[in-house]
Amino acid sequence: MRITALAGGVGGARFLRGLLAAAPDADVTVIGNVGDDMTMHGLRICPDLDTVMYTLGGGIHEGQGWGRTEETFGVADELKAYGVGPDWFTLGDKDIATHLVRSQMLGAGYPLSAVTEALCTRWDLPVRLLPASDERVETHVVVDDPEAPGGRRAVHFQEYWVRMHAPDARAIVSVGAENAKPAPGVLQAIAEADVIVLPPSNPVVSIGTILEIPGVRQAVADAAAPVVGLSPIVGGGPVRGMADKVLAAVGVEVTAAAVAKHYGARLLDGWLVDADADAASVAEVEAAGIACRAVPLMMSSPEATQAMAQAALDLAADIAADIAAGRNPAAGSADGSARPAS
């Protein structure tokens with residue numbers, strides 16, 4: 001079975017571990033978000049790609065969900081002694097080694113996809129990890145600033161999230177996305193997949209950024225494979241992160257059903273919501289033409305995460321069977337508006 005997943009950082013990486021446990025023999029390709037990428041101290045940093053790489057390679061700081069285990073901060077301490085900032089984004093020594101290798105290879109002319117493949121070789125990853133694009137794509141967030149012209153300014157997502165601690169967001173801008181191209185292998189992985197999974201990553205600044213790269217959304221929508229997503233919203237709020245703030249910025253209600261409809265039945269075939277908090281939303285999602293099931297969606301243990309992944313694969317299998325038999329996968333939908341099989 002060939003599985004393609006579109007993933008952000010911590011939540012996506014943790015879900016992927018469950019997916020690999022649920023389908024140990026599957027050929028898994030992960031298309032990673034590059035919108036969080038930034039340059040600092042002359043180094044190109046790719047937080048989401050690195051979080052997936054460290055998590056699946058066994059080097060992640062489990063308590064944080066990001067960064068390296070048993071990390072030290074000698075370089076950061078020296079930068080502070082020199083008075084060199086920024087002081088709101090601290091790089092660990094082991095992490096800096098990754099960024100040094102990446103920056104040297106990029107400087108030598110290698111594309112990000114080739115650099116990512118080389119970095120992943122060291123970690124012996126059980127998946128193929130692809131950046132969504134080789135071109136520079138950065139997510140910026142518009143926030144209130146009474147001292148700025150017009151009372152607002154745009155900041156890089158990392159500054160918004162790490163330094164500013166996610167104030168109200170007024171707009172989300174994917175800088176460079178409109179002129180970017182999918183990285184080599186991205187469209188092929190989507191077209192050849194047997195199942196496409198949208199983990200419970202941020203639907204706006206993680207998966208949403210991937211989908212904004214020209215050709216990616218259309219490829220997912222046109223794929224023959226069932227597309228199944230898991231809600232990052234449980235009980236009217238994000239499980240982690242700032243999804244509520246960025247959803248509000250794009251005019252989407254912070255509910256599991258609203259996120260499903262934000263993706264839309266043209267893109268999404270199936271959707272999982274939390275059984276304890278959001279079971280009542282199943283009918284609303286299916287009325288929008290998306291097959292929906294309520295299952296436990298808290299990644300509280302490896303076993304719970306594996307069960308979530310298995311539920312996504314089971315729903316995908318049932319959707320494929322329904323389509324093959326000419327049945328509407330969204331059994332409760334009012335108008336049968338789920339996307340047709342290609």
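These legends walk through several close-up views of one predicted model. Residues are numbered from 1 along each chain as its sequence is written, and side-chain values use heavy atoms, with hydrogens and water left out. Because the model is predicted, local features need pLDDT of at least 70 and side-chain atom pairs count only at pLDDT 80 or more, while totals for chains, interfaces and linings use all residues.

View 1. Helices (H or I, at least four residues) and strands (E, at least two) are DSSP runs, numbered from the N terminus. Along the principal axes, the C-alpha trace spans about 65 × 50 × 40 Å. Of the 342 residues, 54% are buried, where buried means under 20% relative accessible area (1.4 Å probe, protein chains only), exposed means over 50%, and partly exposed lies in between. Among contacts (heavy atoms within 4.5 Å) between residues at least 6 apart in sequence, 71% join residues at least 24 apart.

**View 2. The largest nonpolar core, with 103 residues.** Such a core is a set of buried Ala, Val, Leu, Ile, Met, Phe, Trp, Tyr and Cys residues joined through side-chain atoms within 4.5 Å. The members that touch the most others are Ile-3, Leu-6, Tyr-160, Ile-190, Tyr-263 and Trp-271. Helix α13 (residues 302–324) gives the most to this core, with eight residues. Apart from it lies another core, of seven residues, including Met-40, Phe-89, Leu-91 and Ile-96. In soluble globular proteins, nonpolar side chains tend to be buried together.

**View 3. Leu-6 and its partners.** Setting aside residues up to four places away in sequence, Leu-6 touches Ile-31, Ile-196, Val-197, Leu-198, Pro-199, Ile-207, Ile-210, Leu-211 and Val-220.

**View 4. Helix α11, residues 256–263.** Six of the eight residues here are buried, so the helix is largely enclosed by the rest of the structure. The buried ones are Ala-256, Ala-257, Ala-258, Val-259, Ala-260 and Tyr-263. Just after α11, look for Gly-264, which takes a positive phi of about 90 degrees.

**View 5. Ser-281, in the loop between β13 (270–274) and α12 (282–287).** With 12% relative accessibility, Ser-281 counts as buried.

**View 6. Leu-56 in helix α2, residues 47–57.** Leu-56 is buried, with a relative accessible area of 13%. Beyond its neighbours within four places in sequence, Leu-56 is in contact with Ala-13, Leu-16, Arg-17, Leu-20, Leu-125, Pro-126 and Val-127. For a sense of scale, the C-alpha atoms of Leu-56 and Ser-133 are separated by 21 Å, and these two residues are 77 residues apart along the chain.

**View 7. Asp-322 in helix α13.** Though it carries an acidic side chain counted as negative (as Asp and Glu are), Asp-322 counts as buried, at 17% relative accessibility. Residues up to four places away in sequence aside, Asp-322 touches Arg-327, Asn-328 and Pro-329.
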